[in-house]
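I opened my notebook to look up a few things in this structure. Here is what I wrote down, entry by entry.

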Amino acid sequence: MKRRKTRQIDVGGVKIGGDAPIVVQSMTNTDTRDVEATLEQIERLKDKGCEIVRCAVIDGDAARALKEIKARSPIPVIADIHFNYKLALLAIENGADCVRINPGNIGSFDKVKEILKAADEHNIPLRIGVNSGSLEKDLLDKYGSPTDDALVESAYRWVRRIEDAGFVNMKISIKSSDPLSTIVCNEKISELIDYPLHIGVTEAGSSKEGIIKSVSALAVLLREGIGDTIRISLSEPPENEIDVCYELLNALHLRKKRTIDFVSCPTCGRIEIDLIALVDELKKRLSHIKKPIKVAVMGCVVNALGEAKEADVAIAGGRHFGLIIKKGKLLKKVKEDKLIDEFVKVVEEYAEEMD
């Protein structure tokens, strides 16, 4: 899959754009002023595979809290700023690795230039964001609503104004809650600029609808080579977002998962083993393994003939029993009530062999 060639920026040591891997990110939902709670969540996100994290900066205390958060965080920290340019300046002074702004809601361009000056002096990048809520009044008047063309024109105009001010250390983001709009806007802006793009569907929702909306847009863009860093925005604990990011990137062969890659067949009338319960329990029992092992759980020999050979370790179900297969070779036949324990043991042994 050929990726669009973009400039490369550095966010606290993490490269974004150019030939760097697509970077996975999320955002804390703690009160940033609560340093310990925020750091605890950042640790959980990092353990899941999050590579950069955003923190909301709602006031001066939150901006000042970034100093300790940054000092102790295991991953780079981005300050998320809206409306108040002085909070952006304070966040930069307190060590933020990057600052996210939507210039359209900051106010005058003189205020934006103050942020550009501070970011340049501290050699940190900015994320320049555009969405329907931050669209400038003249563009709303011109287009009548936050259309795709209005969002793209806003983003392109801000990029050129920022460049004219002498600043180029930035990534760009156009987000919509509409997956199709997200696709169209990012396709259009990618034809106009070569800055790295952060992609995602904003306000996507929770659970199924959030995942489906996000993946339907991001899969298209990533397949077209568009996107240098991603977030799956869900109305759930942010740790859940990271799992979905890696599932998506793994499915598109862009990055390997940091955990077990499960393959399991759909149920049908051939199955004579409790496949659904088996898969659910195995996911729980193997969640501690943080290695890219492909595990296949097949309910009968029809699907197992192919998938079991391709997987590192697999189960092929029979009538109340399972065959445990490793690297395409049969290891043992196990009764259903012993199958989970035996299979977990085999996978754990395989993980140790990988070391």
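Before I start on bridge partners, I note what pairing takes: two strands pair if DSSP finds at least two bridges between them. I also remind myself that this is a predicted model.

**Entry 1: a hairpin.** I looked up G317 and found that its bridge partner in β14 is G322. Strand β14 covers residues 321-326, and β13 pairs with β14 in the antiparallel sense over five bridges. Together β13 and β14 make a hairpin with three residues between them. In the turn I found H320, whose phi is positive, at about 65°.

**Entry 2: the other partner of β13.** Strand β12 (residues 294-298) runs parallel to β13, and four bridges join them.

**Entry 3: is β13 buried or exposed?** Five of the five residues of β13 (residues 313-317) are buried, so the strand is largely enclosed by the rest of the structure. I had learned that side chains in a regular strand alternate between the two faces of the sheet.

**Entry 4: the open sheet.** Next I traced eight strands in an open sheet with parallel pairing, in the order β8-β7-β6-β5-β4-β3-β10-β9. Which strands stand at the edges? They are β8 (170-174) and β9 (198-199); each has a single partner strand, so one side of each is left without a neighbour in the sheet. Within the sheet, β5 (residues 77-80) and β6 (residues 98-101) pair over three bridges, and I78 stands opposite C98 in β6. Helix α9 packs on the sheet, where it touches β3 (23-27) and β10 (229-230). The direction of α9 makes about 160° with that of β3.

**Entry 5: two helices.** I then followed α9 (residues 238-251) to helix α8 (residues 207-223): their axes come within 11 Å and cross at roughly 40°. The crossing is right-handed. From α8, the contact uses I211, V215, L218, A219 and L222; from α9, it uses V244, L248 and L249. These residues divide into eight nonpolar, no polar and no charged.

**Entry 6: cysteines.** How many disulfides does a search of the whole structure find? It finds zero.

Notes:
Residues are numbered from 1 along each chain as its sequence is written. This is a predicted model: local features need pLDDT of at least 70, side-chain atom pairs count only at pLDDT 80 or more; totals for chains, interfaces and linings use all residues. Side-chain values use heavy atoms; hydrogens and water are left out. Axes are lines fitted to C-alpha atoms, for helices over the stretch in contact, and angles run from 0 to 180 degrees between N-to-C directions. A crossing is left-handed if the near helix is turned anticlockwise from the far one by less than a right angle, and right-handed if clockwise. Contact means heavy atoms within 4.5 Å. Ala, Val, Leu, Ile, Met, Phe, Trp, Tyr, Cys and Pro count as nonpolar, Asp, Glu, Lys and Arg as charged, and the others, Gly among them, as polar. A disulfide is a pair of cysteine sulfur atoms within 2.5 Å. Buried means under 20% relative accessible area, exposed over 50%, partly exposed in between (1.4 Å probe, protein chains only).
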